[in-house]
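Please keep the sequence and the structure in view while reading the points on its core, its aromatic rings and its sheets.

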Amino acid sequence: MPKVLITCTQPRADEIVDDLKSESVDAYCLSALIVKSLDIEKPSATFDVMLISSTQVFDTPLPDLPVIAVGHGTGQIATKNGYDVIQTGTGGVMDLDLSGYPNILYPCADVPTCVPHNTIAWPVYETIKNECFDINDEDEIICVFSVKAAQYIRQYDLKNKTILCLSSNVENVFKGMKVADIASCTYPRYDAMKELIHIYLRKHT
């Protein structure tokens with residue numbers, strides 16, 4: 001069976017690998033990026049709700065506001081952390097209907113991909129290159145979860161690798177490169193990535 005490399009950040013990487021191994025997938029994790037918290041003061045405005053698109057923000061003390069979550073997994077973890085999840089989106093940030101919320105706080109990475117209207121970004125973490133990251137000859141399927149990770153991973157020789165991307169934006173980073181195969185998830189969620197992995201594993205059986 002092909003070896004599957006999961007490159008997203010921790011702790012999500014371990015969770016995905018454990019899930020795949022329970023389904024007899026030869027998977028392991030080595031994060032391309034490492035998460036580092038930022039000490040940036042929260043914006044002083046008054047907010048109605050909080051938009052959360054990444055579970056990495058829960059390492060920062062957040063205000064007690066109703067939560068709009070991007071992805072069911074994010075929503076579940078927000079609920080576990082005691083937040084009232086009032087809306088959950090299944091696509092990306094820009095797929096959400098935020099028209100009913102005039103003042104939205106968005107705890108996010110240092111360089112968010114997009115900031116919706118009526119939303120103030122609050123950078124609470126950054127991702128930096130994992131100097132221990134490497135891709136081995138036996139790694140046949142490489143799963144890439146962010147544009148920033150893709151920009152790092154594309155420096156490797158990938159001509160014999162299958163690259164599975166969480167979104168089309170991630171896939172675009174590899175345009176023009178020689179790879180064995182490449183595909184992106186139908187929607188940017190971890191369960192969609194798992195489904196894509198199984199599709200490509202079936203091609204090898």
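**The nonpolar cores**

The largest nonpolar core has 22 residues, and those that touch the most other members are Val4, Ile6, Cys143, Phe145, Leu164, Met193 and Ile197. At least two residues of this core come from each of strand 1 (3-6), helix 1 (12-21), strand 9 (139-144) and helix 5 (190-202). The model described here is a predicted one.

- Helix 5 makes the greatest contribution to this core, supplying six residues.
- Ile197 is in contact with Val4, Ile6, Leu20, Cys143 and Leu164, when its neighbours within four places in sequence are left aside.
- Another core, of 17 residues, lies apart from the largest one, and its members include Ile135, Val144, Ala150 and Cys165.
- As a general background, nonpolar side chains in soluble globular proteins tend to be buried together.

**Aromatic pairs**

- Five aromatic pairs are present in the structure.
- One of them is formed by Phe145 and Tyr190, which are tilted, with 5.6 Å from centre to centre and 35° between the planes.
- Phe145 belongs to the loop between strand 9 and helix 3 (147-153) and Tyr190 to helix 5, so this pair ties together parts that are 45 residues apart in sequence.
- Are the two partners buried or partly exposed? Phe145 is buried because its relative accessible area is 10%, which is under 20%. Tyr190 has a relative accessible area of 34% and is therefore partly exposed, since this value falls between 20% and 50%.
- Phe133, Tyr152 and Tyr156 are linked into a cluster by ring pairs.

**Charges over rings**

- Over the face of Tyr200 lies Lys203, at 4.1 Å from the ring centre.

- Six strands form an open sheet in the order 3-8-7-4-5-6, and their pairing is mixed.
- Strand 3 (33-37) and strand 6 (85-89) are the edge strands, each of which pairs on one side only.
- From one strand to the next, the twist of this sheet averages 25°.
- Strand 4 (residues 49-52) and strand 7 (residues 104-109) run parallel and are joined by two bridges.
- Which residue of strand 7 is the bridge partner of Val49? The partner is Ile104.

- Five strands form an open sheet in the order 2-1-9-10-11, with parallel pairing.
- The edge positions belong to strand 2 (27-29) and strand 11 (181-184), and each of these strands pairs on one side only.
- The twist of this sheet averages 20° from one strand to the next.
- Four bridges pair strand 10 (residues 162-165) with strand 11 in the parallel sense.
- Cys165, which is also a member of the core of 17 residues, stands opposite Ser184 in strand 11.
- Helix 1 packs on this sheet, where it touches strand 1 and strand 2, and its direction makes about 170° with that of strand 2.
- Helix 5 lies across strand 1, strand 9, strand 10 and strand 11, and runs at about 155° to strand 10.

Notes: Residues numbered from 1 in each chain as written. Predicted model: local features only at pLDDT ≥ 70, side-chain atom pairs only at ≥ 80, totals over all residues. Heavy atoms only, no water. Core = buried A, V, L, I, M, F, W, Y, C linked by side-chain atoms within 4.5 Å. Buried < 20%, exposed > 50% of the residue type's maximum accessible area, 1.4 Å probe, protein only. Contact = heavy atoms within 4.5 Å. Phe/Tyr/Trp six-rings, centres within 6.5 Å; stacked < 30°, edge-to-face > 60°. Lys NZ or Arg CZ within 6 Å of the ring centre and 35° of its normal. Pairing = 2+ DSSP bridges. Axes fitted to C-alpha atoms, helices over the stretch in contact; angles between N-to-C directions.
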